[in-house]
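These are my notebook entries on a structure that I had not examined before. I set down each point as I looked it up.

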2 protein chains.
Amino acid sequence: MNASTPSRRSGGRAARVAARSAPLTEETRAVRPGMTGGQLKPLTEADVLRIHRAALKALEEIGISEAPPSGIKILTDAGAILGDDGRIRFPPALVEDMLAKANRSVTLCGREARHDLDLSGQRVHYGTAGAAVHLVDVQGDEYRECTLQDLHDAARITDTLDNIHFLQRPMVARDITDNREMDLNTIYACSAGTTKHIGTSFTEPAFVADALEMLYMIAGGEDAFRARPFMSNSNCFVVPPMKFATESCEVMEACIRGGMPVLLLSAGQAGATAPAALAGAIVQAVAECLAGLVYVNAIAPGHPAIFGTWPFVSDLRTGAMSGGSGEQALLTAGCAQMHAFYGLPGGAAAGIADSKRPDMQAGWEQMCSNVMGGLSGLNMVYEAAGMHASLLGFCHESLILGDDLVGQALRCVRGIEVTDETLSFDVMAQTCVGGPGHYLGSDQTLSRMQSDYIYPTLADRSSPKEWAENDKPDLIKAATARKEEILAKRSAARFDPALDAALRERFNIHLPQ
Amino acid sequence: MNASTPSRRSGGRAARVAARSAPLTEETRAVRPGMTGGQLKPLTEADVLRIHRAALKALEEIGISEAPPSGIKILTDAGAILGDDGRIRFPPALVEDMLAKANRSVTLCGREARHDLDLSGQRVHYGTAGAAVHLVDVQGDEYRECTLQDLHDAARITDTLDNIHFLQRPMVARDITDNREMDLNTIYACSAGTTKHIGTSFTEPAFVADALEMLYMIAGGEDAFRARPFMSNSNCFVVPPMKFATESCEVMEACIRGGMPVLLLSAGQAGATAPAALAGAIVQAVAECLAGLVYVNAIAPGHPAIFGTWPFVSDLRTGAMSGGSGEQALLTAGCAQMHAFYGLPGGAAAGIADSKRPDMQAGWEQMCSNVMGGLSGLNMVYEAAGMHASLLGFCHESLILGDDLVGQALRCVRGIEVTDETLSFDVMAQTCVGGPGHYLGSDQTLSRMQSDYIYPTLADRSSPKEWAENDKPDLIKAATARKEEILAKRSAARFDPALDAALRERFNIHLPQ
């Protein structure tokens with residue numbers, strides 16, 4: 001406070017509005033990608049250790065079946081034991097050795113470096129994921145088969161949203177029947193829509209070579225891609241319980257050799273393909289991912305891999321999935337603690353709605369697991385936005401609203417800073433003893449209104465009176481309007497014309513130019 | 001597993017349906033009132049200590065103004081110091097002495113003992129609260145003034161909801177213009193609607209005698225009420241920052257003498273009536289509640305009181321309240337840690353939506369603070385359901401949906417049990433090695449489907465196909481139908497006719513018989 005800034009002290013609405021209109025630098029925004037979580041610990045330290053030991057025991061005694069011949073060689077060469085029953089068992093010492101070799105400082109690159117994701121520590125990032133087969137059409141209130149264009153639009157929307165940090169392919173292009181063309185067009189549609197990091201899957205090992213060729217072209221050469229791989233392979237290398245997914249393992253081997261980071265994705269479903277007891281579901285996921293970790297590091301020590309324990313929840317009345325449940329939020333948060341225990345970059349699923357629409361149920365379901373995933377320090381919160389009907393439907397409007405939702409979750413992850421300044425003794429004394437008796441115009445309030453508070457884009461905070469005067473704005477209509485605005489603009493991630501022509505020359509690209 | 005239970009091993013859907021249809025005892029439900037939280041700690045231990053010390057310093061050096069004459073005597077007799085500036089300052093030793101005398105094992109009684117709330121430790125309970133002036137009419141999509149009947153209906157609905165554990169008066173009866181009659185009719189409307197614990201406020205100290213008379217009549221005499229006070233006084237004893245609310249303090253004194261537990265409610269608003277820095281808002285709320293704690297225990301050592309640090313959040317762009325923000329969830333969770341630090345029964349606000357409707361925004365806003373409040377071990381999560389427009393509107397449909405929402409939050413509070421059995425090694429081994437390769441029919445799945453999983457009442461988990469076949473059920477319409485079903489039945493909490501006649505003889509009861 002000094003004589004040159006009287007207008008700031010005079011405070012009030014005009015000063016706040018002026019302060020707010022000043023542009024924000026990336027550093028002064030209240031939330032950013034990679035804020036550090038870990039304040040939530042559903043498991044005690046003893047629980048974590050017991051889960052670790054149970055996972056080691058499961059790997060040693062139960063083992064994992066159905067490895068491909070290449071995998072059997074890789075794993076037994078490393079010290080795993082192939083049993084007469086075809087199951088590969090992992091001595092605890094082998095697992096511990098490979099844990100020591102694993103990469104703990106993975107950065108997932110964007111095509112633009114400003115979108116790089118540092119997965120060290122308990123830094124939290126939110127993004128899409130999944131393999132929805134429907135687009136949720138909110139205007140028509142119906143589920144329809146999703147298309148390559150829908151996927152490209154999701155990528156373009158994601159590119160514009162501050163709090164959606166990466167795009168893992170959230171839906172499959174149902175309008176492309178040839179799997180090879182689908183996989184290649186998925187890469188194209190995602191990459192042409194966003195320069196954020198992308199994750200995708202490949203249907204068959206034989207498609208990986210073409211995919212790598214496309215990725216190397218986009219990156220400007222193989223070396224450029226290997227230096228900054230902007231795409232990772234989301235790989236369901238196991239079919240729980242405790243079975244390798246033979247073909248996916250072969251895909252994984254090819255991706256590793258091609259320089260792609262791998263998401264080791266174990267997607268059991270508690271009560272169906274994983275134990276119904278939550279602790280057991282975590283044990284199995286950890287065991288499976290540890291097997292994957294051995295596999296990866298036996299091929300290429302230190303290859304970037306994400307520990308993808310994604311246990312899901314069954315509604316045990318029907319056996320159907322329930323991604324929106326409290327049990328799901330607990331599984332995800334518990335897994336994040338296991339990642340932190342190993343010091344490995346990890347990811348799990350959160351933000352899934354069971355609701356078919358972006359309604360109140362969807363809101364509470366998506367927030368519950370998203371905020372708990374973030375608070376537990378999950379590096380990669382997959383499925384964080386747009387996902388409905390327990391992964392069967394993806395919704396563009398919901399993705400856009402998810403930016404607001406995840407923004408609030410990120411604010412919670414950021415936590416409460418306690419410093420001499422934030423403890424606020426001085427401002428309290430100045431305000432209460434002979435001061436104005438309120439904090440509206442104080443320097444602290446002005447300086448913290450941008451740095452400490454996040455403001456929603458579409459969520460409505462008006463009073464009932466203002467709301468009525470504004471014709472009672474509808475959240476979903478506002479999201480649709482925002483979607484149309486985004487998609488009406490030229491994509492900032494679009495390839496330059498020469499590259500685009502080359503890609504279209506080499507591959508059968510289904511998206512119109 | 002033995003020969004006498006082959007049908008359970010044969011598993012599958014029929015067995016699950018049969019198991020589900022068996023009635024659940026209170027003990028076997030997946031969630032209950034009073035589950036223990038505390039897994040979320042947004043503040044470090046050092047942070048907690050710094051906040052405590054800053055609060056002591058604020059009480060010692062800034063003090064609190066505007067105590068009523070009776071309060072000045074009570075506090076200065078206890079050792080507080082009245083300054084020339086009219087502020088009462090509290091030596092740290094006085095605060096520490098009163099902390100030692102404070103009641104740490106408060107039970108808030110229901111009119112039926114099965115609804116008693118044990119506030120020891122970090123046991124979590126969810127309920128309504130507030131002073132909304134509007135009812136949110138979802139059919140008409142409008143806000144209208146709320147009435148005594150609306151309040152009574154809220155009580156009746158609350159009485160039927162498993163996960164709404166108490167009824168603090170959520171709205172004011174705008175149709176009663178005389179404040180004394182409003183206060184008395186509020187007691188009647190709430191008590192005649194639910195046998196769960198009730199909280200309410202009184203407009204003037206002069207009304208407390210009549211209120212106590214009514215409460216004693218309902219309880220069956222003064223001794224009966226004092227033995228099991230089913231109503232507590234929600235008391236805004238301070239007008240932040242650091243000012244006593246003179247009349248409310250006099251109300252509090254009368255309530256304490258009449259045998260009512262007191263909620264010491266400090267409702268500052270960060271950036272307006274509390275520091276904008278979150279830590280500072282907590283410091284101020286803690287300081288104010290510590291002053292209240294001294295006040296209560298100076299009158300009646302060990303009188304049941306709830307440490308009601310309720311710092312709210314301003315949207316600093318406008319100064320308006322934002323109860324649905326991430327900052328709010330953090331403030332509430334941080335306060336819960338302070339309550340745990342003192343070992344005192346505590347409460348704070350969560351579950352508030354800024355949204356005007358029970359839409360997706362409302363869902364994410366209500367879940368964010370509700371789940372974080374519970375995970376932080378807040379004894380009393382006030383405002384947990386039904387509250388919209390940053391406390392200005394209450395919605396019966398939203399209250400009903402809140403039962404589902406809070407149920408999921410409670411499931412998260414319950415956490416992940418880690419035992420030899422839940423670690424599930426045996427069931428994994430049996431399933432994977434020569435077993436069925438899935439867990440659908442396992443004994444563990446059957447036994448845990450009710451004890452470990454909570455199923456929503458109205459939230460929809462159907463597949464898109466089932467959803468379309470069911471004519472795409474609308475969440476809000478389902479809630480309205482449930483509301484009408486509840487209100488069509490006779491209230492289980494209704495007074496017996498003789499008591500009702502006596503109450504109507506003595507007081508001007510506005511609710512029809």
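Entry 1. Helix packing within chain A

Is the crossing of α6(A) and α7(A) left-handed or right-handed? I looked this up at the outset, and the crossing of α6(A) and α7(A) is right-handed. I note that the model is a predicted one. Helix α6 covers residues 148-160 of chain A and helix α7 covers residues 179-191 of chain A. I read an angle of about 35° between these two helices, with their axes 7 Å apart. On the α6(A) side the contact involves A:Leu148, A:Leu151, A:His152 and A:Ala155. These meet A:Asn185, A:Thr186, A:Ala189 and A:Cys190 in α7(A). I sorted the residues of this contact by class and found five nonpolar, three polar and no charged.

Entry 2. Helix packing within chain B

I turned next to helix α14 (residues 396-414) and helix α19 (residues 475-488) of chain B. Their axes come within 9 Å and cross at roughly 100°. I therefore record α14(B) and α19(B) as roughly perpendicular to each other. From α14(B), the contact uses B:His396, B:Glu397, B:Ile400 and B:Leu401. From α19(B), I listed B:Leu475, B:Ile476, B:Ala479, B:Thr480, B:Arg482 and B:Lys483. The classes here are five nonpolar, two polar and three charged.

Entry 3. The relation between the chains

How is chain B superposed on chain A? I found that a rotation of 180° does this, with 0.0 Å of shift along its axis and an RMSD of 0.0 Å. That is the relation of a two-fold axis. The same surface serves both copies, since 100% of the contact residues of chain B recur in chain A.

I then looked up how many residues take part. The contact takes 103 residues from chain A and 103 residues from chain B. On the side of chain B that touches chain A, the largest share comes from helix α13 (residues 360-375) of chain B, with 11 residues. That side of chain B has 56 nonpolar, 26 polar and 21 charged residues.

Entry 4. A helix pair across the chains

I looked up one pair of helices drawn from both chains. Helix α16 (residues 425-432) of chain A packs with helix α3 (residues 45-62) of chain B at an angle of about 25°, their axes being 11 Å apart. I therefore describe α16(A) and α3(B) as roughly parallel to each other. Their crossing is right-handed. In α16(A), the residues in contact are A:Phe425, A:Met428, A:Ala429 and A:Cys432. They meet B:Ala54, B:Lys57, B:Ala58, B:Glu61 and B:Ile62 in α3(B). The contact divides into seven nonpolar, no polar and two charged residues.

Entry 5. A sheet in chain A

In what order do the four strands of the open sheet in chain A stand? I read the order as β8-β7-β20-β19 (chain A), with mixed pairing. At the edges are β8 (142-145) and β19 (387-388) of chain A, each of which pairs on one side only. Strand β7 (residues 134-137) of chain A pairs with β8(A) in the antiparallel sense over four bridges. I traced A:Leu135 to its place opposite A:Arg144 in β8(A). A:Asp137 has A:Glu142 in β8(A) as its bridge partner. β7(A) and β8(A) form a hairpin with four residues between them. In its turn, A:Asp141 has a positive phi of about 50°.

Entry 6. A sheet in chain B

I also looked up an open sheet of three strands, ordered β13-β15-β16 (chain B), whose pairing is mixed. β13 (269-270) and β16 (320-321) of chain B stand at the edges with a single partner strand each, so one side of each is left without a neighbour in the sheet. β13(B) and strand β15 (residues 312-315) of chain B run parallel and are joined by two bridges. I found B:Phe312 in β15(B) to be the bridge partner of B:Gln269.

Entry 7. Backbone exceptions

Most residues other than glycine have a negative phi, and most peptide bonds are trans. A cis peptide bond joins A:Pro240 and A:Pro241, with omega about 5°. A:Pro241 lies in the loop between β11 (231-235) and α10 (246-258) of chain A. In chain B, a cis peptide bond joins B:Pro240 and B:Pro241, and omega is about 5°. B:Ser390, a residue other than glycine, has a positive phi near 55°. I placed B:Ser390 in the loop between β19 (387-388) and β20 (393-394) of chain B.

Technical notes
Residues are numbered from 1 along each chain as its sequence is written. Chains are lettered from A and ligands numbered from 1 in the order in which they are written. This is a predicted model: local features need pLDDT of at least 70, side-chain atom pairs count only at pLDDT 80 or more; totals for chains, interfaces and linings use all residues. Axes are lines fitted to C-alpha atoms, for helices over the stretch in contact, and angles run from 0 to 180 degrees between N-to-C directions. Angles under 35 degrees count as roughly parallel, over 145 as roughly antiparallel, 65 to 115 as roughly perpendicular and the rest as oblique. A crossing is left-handed if the near helix is turned anticlockwise from the far one by less than a right angle, and right-handed if clockwise. Two residues are in contact if their C-beta atoms, placed from the backbone, lie within 7 Å. Ala, Val, Leu, Ile, Met, Phe, Trp, Tyr, Cys and Pro count as nonpolar, Asp, Glu, Lys and Arg as charged, and the others, Gly among them, as polar. Two strands pair if DSSP finds at least two bridges between them. Copies are superposed by least squares on the C-alpha atoms of residues with pLDDT of at least 70 in both.
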